[in-house]
Amino acid sequence: NRTVVVQQMLHMDTGEFLAFNAAGMDRALQTDPVLLEEFRSLSKKQRNSDEALFRFLRLYNERQPLRFPKYATVESEARSTLSRRPCAHGYHFLRSE
């Protein structure tokens, strides 16, 4: 048996997996025209380097932070146990650090 390691990027809004290569990065950066232009200005060899791919992944994640809904923990009077439910007035969004 052989093990093959495949690096991919996960688009958190759509659930789509993209190859972690220049073509996948180009597609991922479509929502950030500034980064896309900078990425496309690199030579083909530079665009395919691990250094550039990880750099643009980091830059994209810094500019488009992943946000998670915050749940309120409330004590149930009937059961005297802790339960988790969304806050009554919607979700609070936290910046992922």
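**Contacts along the chain.** I took the contacts between residues at least 6 apart in sequence, and 38% of them join residues at least 24 apart. I note here that this is a predicted model. The protein has 97 residues, and 22% of them count as buried.

**Layout.** I counted four helices and five strands. Reading from the N terminus, I get the order β-β-α-α-α-α-β-β-β.

**Helix α4.** I went to this helix next. α4 has 14 residues and spans 20 Å from its first C-alpha to its last, close to the 20 Å expected at 1.5 Å a residue. Which residues of α4 are buried? I found A52, L53, F56, L59 and Y60. Looking down the axis of α4, I see the buried residues fall within an arc of 130°, so they line one face of the helix. As for what they sit against, the buried residues of α4 pack against α1, α2 and α3 (44–47).

Setting aside neighbours within four places in sequence, I have L35 in contact with L29, F56, L59, Y60 and R63. Three of those names, F56, L59 and Y60, are already on my list of buried α4 residues.

**Aromatic pairs.** I searched the whole structure and got two aromatic pairs. F20 and F54 make a tilted one, 4.8 Å centre to centre with 55° between the planes. This pair links distant parts of the chain: F20 is in the loop between β2 (17–19) and α1 (22–28), F54 is in helix α4 (residues 50–63), and they are 34 residues apart.

F39 and F56 make an edge-to-face pair, 5.1 Å centre to centre with 75° between the planes. This pair also links distant parts of the chain, with F39 in helix α2 (residues 33–40) and F56 in helix α4, 17 residues apart.

**Salt bridges.** My search of the whole structure turned up five salt bridges.

- R27 pairs with E16, and their closest N and O atoms are 2.8 Å apart. R27 lies in helix α1 and E16 in the loop between β1 (8–10) and β2, so the pair ties together parts eleven residues apart in sequence. E16 counts as partly exposed because its relative accessibility is 28%.
- D26 and R40 meet at 2.8 Å, N to O. D26 is in helix α1 and R40 in helix α2, so this pair ties together parts 14 residues apart in sequence. R40 counts as partly exposed at 46% relative accessibility.
- R58 and E62 meet at 3.3 Å, N to O. Both lie in helix α4, four residues apart, about one turn of the helix. R58 has 44% relative accessibility, so I filed it as partly exposed, and E62, at 44%, is partly exposed too.

**Back to D26.** I wanted to know why D26 counts as buried. Its relative accessibility is 19%, and the cut-off for buried is under 20%, so D26 falls on the buried side. What does D26 touch, leaving aside its neighbours within four places in sequence? I found L36, F39 and R40. R40 is the salt-bridge partner, and F39 is the ring that pairs edge-to-face with F56.

Definitions and conventions:
Residues are numbered from 1 along each chain as its sequence is written. This is a predicted model: local features need pLDDT of at least 70, side-chain atom pairs count only at pLDDT 80 or more; totals for chains, interfaces and linings use all residues. Side-chain values use heavy atoms; hydrogens and water are left out. Rings of Phe, Tyr and Trp (its six-membered ring) pair if their centres lie within 6.5 Å; planes under 30 degrees apart count as stacked, over 60 as edge-to-face and the rest as tilted. Helices (H or I, at least four residues) and strands (E, at least two) are DSSP runs, numbered from the N terminus. Buried means under 20% relative accessible area, exposed over 50%, partly exposed in between (1.4 Å probe, protein chains only). Contact means heavy atoms within 4.5 Å. The expected span of a helix is 1.5 Å times one less than its number of residues. The arc is that of the directions from the helix axis to the C-beta atoms. A salt bridge is a side-chain nitrogen of Lys or Arg within 4 Å of a carboxyl oxygen of Asp or Glu.
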